[in-house]
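Open the model in your viewer and keep the selection tool at hand.

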Amino acid sequence: MIPLSWYLILAAGLFSIGLFGVLARRNAIAILLSVELMLNAVNINLVAFWRYGDVAQMAGQVFAIIVFAVAAAEVAVGLALVISVYRRRNTVVAEELDLLKW
Amino acid sequence: MATETLIWLIPLPPLLAFFLIVLFTNKNKALSHSVAIGAAFLSWLGSMIVFARALGVEHLGEHPFASSINWLPTGDTWLKIGILIDPLSAAVLFFVAWTVLMIFIYSVGYHNYGQPAGDHDHAGLPPHGATVEEHGHKHVVPSIEPMYSRFFAFIGLFAFGMYTLVVSDNLLTLFVGWEIMGLCSYLLIGFWYGKPSARNAAVKAFMTTRIGDVFMLLGIAFLYYATGTLSYREIFTEEVLHTLATVPSGVFGLSAAGLIALLLFIGTIGKSAQFPLHVWLPDAMEGPTPVSAMIHAATMVSAGVYMVIRIFPLISAGWAEGMPLNSAMTVIAFIGAFTALFGASIAVAQNDIKRVLAYSTISQLGYMIAALGIGAYVAAAFHLITHAFFKALLFLGSGSVIHGMEHGVLHTGNHKVDPQDMFNMGGLRKKMPITFWAFLIGGFSLSGFPLLTAGFWSKDAIFAEAFGNGHTAVFITLALAAFLTAIYTMRQITLTFLGEPRTKEAEHAQETKWTMTAPLVILAVFAAGYGWVGIPNDFPLLGGVVPNWIYEFVGSTLPEVPEEAAFNAIPLLISVAVSLGGLLISWLVYRNVKTPAEDKLQIPLLKNKYYFDEAYDFLFVKPLTWFSEVFVSRWMDKGFIDGILHIFGPATGRVGAAIRNYIDVPVINQFFGDGSANATYWIGKNLRPIQTGRIQQYLILSLVVIFVVGGLVYFLLLA
């Protein structure tokens with residue numbers, strides 16, 4: 001059986017890619033995508049710990065499903081915001097969305 | 001390689017091709033199409049090997065190639081997925097592999113590979129032609145599709161979906177393939193997304209099939225709830241079927257089997273464009289022609305029929321040959337027969353060469369559904385296969401015609417001439433001989449030209465079963481539909497190919513390249529020859545010369561091989577009469593018709609497809625728009641919710657004013673406020689530079705803080 005640490009390394013890698021994307025991408029949609037990557041990294045961890053822990057306890061799977069649902073809702077709201085911002089300001093580049101700037 | 005391993009591998013090459021093209025090779029057109037066609041070829045090769053091995057197995061129906069793995073743990077059991085090649089899926093795999101490969105090759109020519117880039121072409125619009133200078137004078141030639149690689153990526157993904165659907169041994173992976181194809185259908189109909197009509201057609205197709213898919217998913221869920229498995233081999237056992245057939249479902253007095261079968265069948269209604277969810281298929285002709293051929297004639301819409309053939313044991317649970325039809329079968333037979341006639345009647349009044357074929361597809365799929373509804377299992381499968389060949393041939397032929405006409409349009413430069421309108425054609429037989437002969441074979445096969453064509457034998461099998469088992473109403477409906485089929489087919493051939501060119505553009509039409517004509521020729525061979533494997537054994541003269549292979553082979557999928565209907569001259573004679581009669585009448589009439597005004601069949605009711613689009617718009621789209629705009633937005637949101645806020649607003653406003661006047665202004669503002677404000681202002685002014693307003697910089701800052709604090713905590717407290 002594949003050792004648990006492989007999954008954790010995969011999840012950590014995925015999380016780091018997502019984190020890098022959030023920090024470094026300019027496109028707001030890409031940032032949203034990267035957030036999804038990070039959420040999925042968490043999912044991998046949850047499911048991996050469930051699988052290597054007590055399999056009869058379904059908490060890991062259930063948490064993963066809750067994360068899916070929250071992620072779907074988050075994407076729906078996020079994309080709606082991006083579309084709305086695009087209509088108003090004609091850009092989705094995060095740096096140009098600087099209304100909050102002093 | 002073990003056959004089971006090979007079957008697992010069949011769907012993979014097109015998927016790999018999809019990712020390769022999307023991720024790496026999309027800049028290089030030649031590499032992209034090589035990857036896609038190479039993948040299609042590998043899948044084709046695998047399918048042919050599997051098919052050949054399947055032919056070599058005795059009693060394949062009882063000992064199919066099957067293997068499965070545990071996929072999802074569900075509490076203490078596993079949800080299994082796997083592959084299954086029994087006689088039915090082997091036969092389907094055969095035609096899918098051939099048509100898919102042919103269409104991939106055809107697409108190279110169709111998208112003008114090797115031509116220069118267009119003068120004003122944009123991604124998302126069909127190519128408009130490029131000006132080239134030759135021997136000192138300029139002329140316009142077809143230009144290459146701007147999104148050439150993207151097309152091959154999509155059809156690769158599509159092929160993956162279809163192969164997955166065919167080789168899977170359970171309804172879950174079948175549904176996965178089904179939905180992948182639904183997505184690809186959406187993407188490919190909207191391939192030229194710059195055209196509003198294509199965008200709308202894509203959304204319409206997706207939404208309409210989604211209605212069917214939701215019900216299908218309900219059916220799958222119910223089936224899983226009732227039996228605890230989705231694998232065909234575990235469901236289609238006598239015990240399970242018997243239980244399902246006897247347990248009442250509590251809906252309309254149906255048994256559980258009947259309800260599940262009908263829910264799954266609604267999925268087919270959507271996917272195979274049966275009445276009343278047929279409206280998306282004609283609009284789907286907005287996509288490039290290879291897409292129309294592959295998705296909307298040969299594979300995806302066939303998948304719907306394949307699924308109902310697959311679940312036939314469930315549909316017919318509790319029914320045996322010779323008994324009256326059970327309720328699920330009655331519904332299926334009715335919808336199929338009605339759609340067959342309905343689609344054919346609209347097809348006679350259409351002028352767009354591809355739309356005629358679209359309605360023809362709806363009608364022919366109705367034949368298969370009707371055949372299945374009356375229990376003619378093998379006839380349905382037989383017609384499914386022959387139809388895939390001849391309809392793919394007809395669509396590719398029509399694409400070739402359109403291509404030839406576009407050449408004429410580019411030559412004259414008159415872009416107002418619609419290259420798809422049959423009344424702008426005429427006389428193309430001399431300009432495009434290969435296309436003409438291929439189209440003629442396909443058309444004759446579609447209309448069931450006696451003895452020589454595959455369509456005749458498969459249609460005859462359906463007629464014989466319908467007549468022989470006493471389903472007279474179904475038989476008469478289908479015979480009428482066959483008559484109309486012959487009429488619109490000959491109308492199409494006459495208007496397109498015969499007579500004299502009616503426009504300058506038709507005069508300058510040109511035969512297309514070998515990449516387009518070669519698939520036509522290969523498919524024409526199947527469209528004519530595939531019928532020879534299904535000649536009834538007791539047919540006069542020809543019967544028994546070639547054994548009725550399709551009957552023995554496909555029939556053995558069922559545990560009880562269905563009995564072949566005894567030979568009867570009446571359905572045969574009627575079939576020959578309607579086919580030849582329709583062809584002849586149509587030829588006699590349409591060789592003299594030159595303009596749409598002279599065409600007697602341009603009845604507004606038929607021309608406007610019985611006003612179904614308008615009716616659906618009125619019944620569903622308009623009320624929904626009203627509901628969201630007027631009810632939800634204006635009444636609920638602005639009226640009710642805002643109204644409540646307007647009550648609370650003033651009351652709290654007054655309380656607020658009191659607090660403000662007696663506490664806020666004197667105590668807080670003047671005492672604390674001004675003093676602290678100055679202090680805060682000073683701090684704020686000095687901290688301002690770190691508030692850049694850029695979220696990513698904040699994030700980096702917080703990340704640094706986390707690292708620093710985390711490091712401090714770790715080293716000072718934990719270490």
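Domain bounds come from an automatic or database domain assignment. For chain B, that assignment gives domain 1 (324-607) and domain 2 (613-718). Colour the two separately: their C-alpha centres lie 64 Å apart.

This is a predicted model, in which local features need pLDDT of at least 70, side-chain atom pairs count only at pLDDT 80 or more, and totals for chains, interfaces and linings use all residues. Residues are numbered from 1 along each chain as its sequence is written, while chains are lettered from A and ligands numbered from 1 in the order in which they are written.

Chain B has 28 helices and four strands (DSSP runs, numbered from the N terminus: H or I of at least four residues for helices, E of at least two for strands).

Next, select residues 327-347 and 472-497 of chain B, which are helices α15 and α21. Their axes (lines fitted to C-alpha atoms over the stretch in contact, with angles from 0 to 180 degrees between N-to-C directions) come within 8 Å and cross at roughly 25°. α15(B) and α21(B) are therefore roughly parallel to each other (angles under 35 degrees count as such).

Finally, show the side chains where they meet. Residues in contact have C-beta atoms, placed from the backbone, within 7 Å. Among them are A337(B) and L341(B) in α15(B), and L478(B) and A481(B) in α21(B).

Technical notes. Parallel < 35°, antiparallel > 145°, perpendicular 65-115°, else oblique. Contact = placed C-beta atoms within 7 Å.
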